[in-house]
Amino acid sequence: MSHSEAKEQHPSLFLEVCSENEEPRLPLHTSIVLFLLSYCECKSFKVFLVFTDSCSSELLRSALPVALGVCDVQVEALPQLVRSCRLPAALDETGQLCRAGLAVVLRHVISKTIEADPSRNDVSALLGFKKTCLKACAEVSKWTRLCEIGIPSAVEEHLQNPTDPVHQLPLPILTLEQRLAEPVKVHNDDKIRRQKLKEQRQSGKNQAHGGQGSLDSESSPAQSSQLSDGLELRAALAKLSVDSVPASTTRENSEIRKVKTADLPPLEHVFAEGLYFTLTDVVLLPCIYQYLCSLRAHAASALHQLPHLLRWYSRVQEVPGIPRAAKDCGLLLSIPQVSTSSLPGPSVQDTLDRLLAQEEGPEMTPQLPFIGGPRPTLTKLKENGIEAVFAPHPCPAWTLPWDSLPGAINPAEGKMSNIRAVRKMQQLNNLVAMVTELARPGHTVVDFCSGTGHVGIVLAHTLPDCQVILIENKEESLVRAHSRSAELGLKNIGFIQANLEYFTGPFHIGVALHACGIATDMVLEHCIQAGAAFVVSPCCYGFIQNAVKFSFPKSKRFKDNLTYKEHMILCRFADQTAVQLTPERRLTGKQCMGLVDLDRSWAAGTHGYSVQVMTMEPESCSPKNNMLVGRPPQMSGRVVTAGQLEARMKD
């Protein structure tokens with residue numbers, strides 16, 4: 001069956017195959033997706049294994065679920081949207097909406113499974129409380145980054161280049177071990193913790209009557225572990241509808257009710273995110289399986305450093321459906337046996353502290369609370385000849401012909417107030433004017449952090465000779481944009497639900513309206529790496545202080561004059577531009593915005609870019625009204641006038 005025929009019947013799922021010693025091998029991300037497909041018994045996709053050479057899937061049959069129909073495809077035969085992303089990726093039936101990246105694809109598999117069979121409560125439960133498991137993108141969530149990227153990458157690296165695990169366990173593995181050792185916080189855990197206290201005290205009474213001494217709420221670690229094996233595991237299994245926690249027929253006695261919440265015994269991990277089995281456990285199991293197999297083969301003595309991880313590994317195998325899915329995917333699960341009583345070695349916490357100290361850069365050092373205002377920093381920069389400079393807007397009065405545009409393009413058709421819709425149209429006037437000046441027929445324009453598609457859809461309509469791609473992590477927003485595009489009948493548009501890091505395709509112009517915090521810096525980095533022009537309006541400058549990907553300041557001249565903390569002061573006060581503030585404070589906020597963006601523009605300038613920082617017109621269109629327009633060396637002489645822009649739009 002050809003890919004085009006399969007696409008008409010089912011959405012397509014593309015999984016990477018790599019090569020090792022000229023033999024095909026499934027990378028961990030692929031193994032994880034296949035494991036979830038088997039666990040969910042999902043048959044909603046046509047699955048393609050993507051090869052870079054002439055190998056076939058026949059050599060991988062033992063690792064492929066028996067009931068799964070699999071086709072082979074070469075990289076060069078992939079649809080363009082899929083080829084622009086890191087795998088795994090899923091393409092919908094229209095061929096216009098692609099979902100890429102491990103967490104996004106796994107959540108989509110769960111969604112399609114439930115859509116096909118709404119009775120699969122066990123699959124729905126994988127998404128956890130409020131359906132948020134692994135929903136936060138890896139750029140902002142350390143937990144998502146650890147599970148989606150950190151642990152799979154660390155295990156892959158370990159398998160390819162094994163080190164002495166007794167003395168050097170991978171940092172992500174140690175981080176997971178520490179996480180599993182911490183007390184659990186779950187929704188409405190007060191009731192479970194009081195039940196645990198009640199059982200602890202009852203156990204103490206029973207032991208006292210048996211002549212073994214009393215046991216209060218501060219039981220020994222071994223006793224606590226035994227009790228948690230009862231209560232926590234029963235609570236977890238109850239969620240899986242395998243067992244049930246006996247319901248108390250009477251209210252807890254007053255002695256239990258009066259105990260303060262802070263004094264209740266903590267809950268211990270059963271699964272990775274707490275008491276309940278979630279998608280995170282599905283992600284981790286193939287990774288930890290491969291890692292433990294390697295340790296058993298080469299360094300079983302290292303297992304003594306991972307008691308909580310081994311306990312978790314044992315628990316996961318008790319979940320209904322896991323043994324079946326593991327066997328289906330060729331994972332020969334077994335519980336590692338190791339005696340930890342006589343094995344020497346550093347504690348996990350000591351090792352973790354040492355590795356973290358090596359990993360952390362100055363931008364990750366905990367910062368003291370900000371005290372005072374930005375004046376000393378602004379004065380320091382001014383004394384060194386650095387002040388915010390704004391380029392004149394080339395066409396301040398230009399506007400799109402909103403009255404003649406289809407209704408689905410107009411922001412007023414969305415769920416927003418009329419006042420906000422007017423401001424949104426003004427913002428779009430600015431970005432579309434700059435992109436239209438830069439674009440040429442055949443160009444690819446990428447709308448990063450696209451939301452519901454206000455920028456990308458109007459660009460696709462305005463520039464029919466260009467291909468426009470919208471990239472957004474939030475599924476609800478992107479589905480809404482896709483629906484609006486279908487209503488307009490746009491053919492030159494594509495949609496990618498993914499984190500920015502998963503988009504790897506070529507493009508000519510990058511645009512982003514109000515990309516929050518370091519999302520602006522990520523967009524700029526993407527554009528510079530692709531040699532593309534950019535039109536970016538930053539937002540949420542204060543969120544830059546949460547960065548783990550970039551160091552600040554970015555440009556050499558700012559680094560020579562400001563410390564990291566001083567730069568963060570600029571970022572914090574750059575957010576003080578709201579209309580309800582005094583004119584003086586808004587002016588100071590505007591200066592700080594200009595300086596942060598000047599640093600960004602100078603950093604881009606080291607790559608040969610010509611960058612202008614300008615103010616959108618009218619200034620009242622947004623409190624965050626800065627706009628960075630960057631031209632790579634090959635575009636640096638283009639300047640637009642309002643008349644030229646009008647002429648291009650008419651053509």
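**Entry 1: Pro618 and the cis bonds**

I started at Pro618, which lies in the loop between β13 (610-615) and β14 (626-631). Strands here are DSSP runs of E with at least two residues, helices are runs of H or I with at least four, and both are numbered from the N terminus. The peptide bond that joins Glu617 and Pro618 is cis, with omega about -10°. Before going on, I noted that this is a predicted model, where local features need pLDDT of at least 70, side-chain atom pairs count only at pLDDT 80 or more, and totals for chains, interfaces and linings use all residues. I also noted that residues are numbered from 1 along each chain as its sequence is written, and that side-chain values use heavy atoms, with hydrogens and water left out.

Next I looked up Pro553, in the loop between β12 (533-539) and α20 (556-561). The bond from Phe552 to Pro553 is cis too, with omega near -5°.

**Entry 2: positive phi**

Which residues other than glycine have a positive phi? I found Lys130, with phi near 60°, and Cys540, at about 50°. Lys130 is in the loop between α5 (121-124) and α6. Cys540 is in the loop between β12 and α20.

Are they buried or exposed? Lys130 counts as exposed because its relative accessibility is 65%; the cut-offs are under 20% relative accessible area for buried, over 50% for exposed and partly exposed in between, with a 1.4 Å probe and protein chains only. Cys540 is buried, since its relative accessible area is 19%.

I stayed in the loop between β12 and α20 to check Gly542. Gly542 has 10% relative accessibility, so it counts as buried.

**Entry 3: rings**

I searched the whole structure for aromatic pairs and got nine. Rings of Phe, Tyr and Trp (its six-membered ring) pair if their centres lie within 6.5 Å; planes under 30 degrees apart are stacked, over 60 edge-to-face, and the rest tilted.

Why is the pair of Phe14 and Phe48 stacked? Their planes are at 15°, with the ring centres 5.2 Å apart, so the pair gets that label. I like that it links distant parts of the chain: Phe14 is in strand β1 (residues 12-16) and Phe48 in strand β4 (residues 46-51), 34 residues apart. Phe14 is buried at 0% relative accessibility, and Phe48 is buried with a relative accessible area of 2%.

I also wrote down a cluster, where ring pairs link Tyr39, Phe271 and Phe277.

Then I looked for charges over rings, meaning NZ of Lys or CZ of Arg within 6 Å of the ring centre and within 35 degrees of the ring normal. Arg179 lies over the face of Trp143, 4.0 Å from the ring centre. Lys554 has its charged end over the ring of Phe550, 5.2 Å from the centre.

**Entry 4: helices**

Where does helix α6 (residues 142-160) bend? It bends at Gly150, by about 35°, and Pro152 follows within four residues. The bend is the angle between axes fitted to the seven residues ending at a residue and the seven starting there. Both Gly150 and Pro152 are among the buried residues of α6, as are Trp143, Glu148 and Glu156.

Helix α17 (residues 454-462) is mostly covered, with eight of its nine residues buried. The buried ones include His454, Gly456 and Leu459.

In helix α16 (residues 418-438) I checked Lys424. Lys424 counts as buried because its relative accessible area is 13%. The C-alpha atoms of Lys424 and Pro411 are 6.8 Å apart, for residues 13 apart along the chain.

A cavity is a set of points on a 1 Å grid over the protein atoms alone where a 1.4 Å probe fits but cannot get out, and lining residues have an atom within 4 Å of a point. The largest cavity has a volume of about 30 Å³, where volume is the space filled by probe spheres set on the points, joined across faces, edges and corners.

Its lining is Val17, Cys18, Ser19, Pro24, Phe51, Thr52, Asp53 and Cys55. I sorted the lining into five nonpolar, two polar and one charged. Nonpolar covers Ala, Val, Leu, Ile, Met, Phe, Trp, Tyr, Cys and Pro, charged covers Asp, Glu, Lys and Arg, and polar covers the others, Gly among them.

Definitions and conventions: 1 Å grid on protein atoms, 1.4 Å probe; cavity = no way out; pocket = protein on both sides within 12 Å on 5 of 7 lines; lining within 4 Å.
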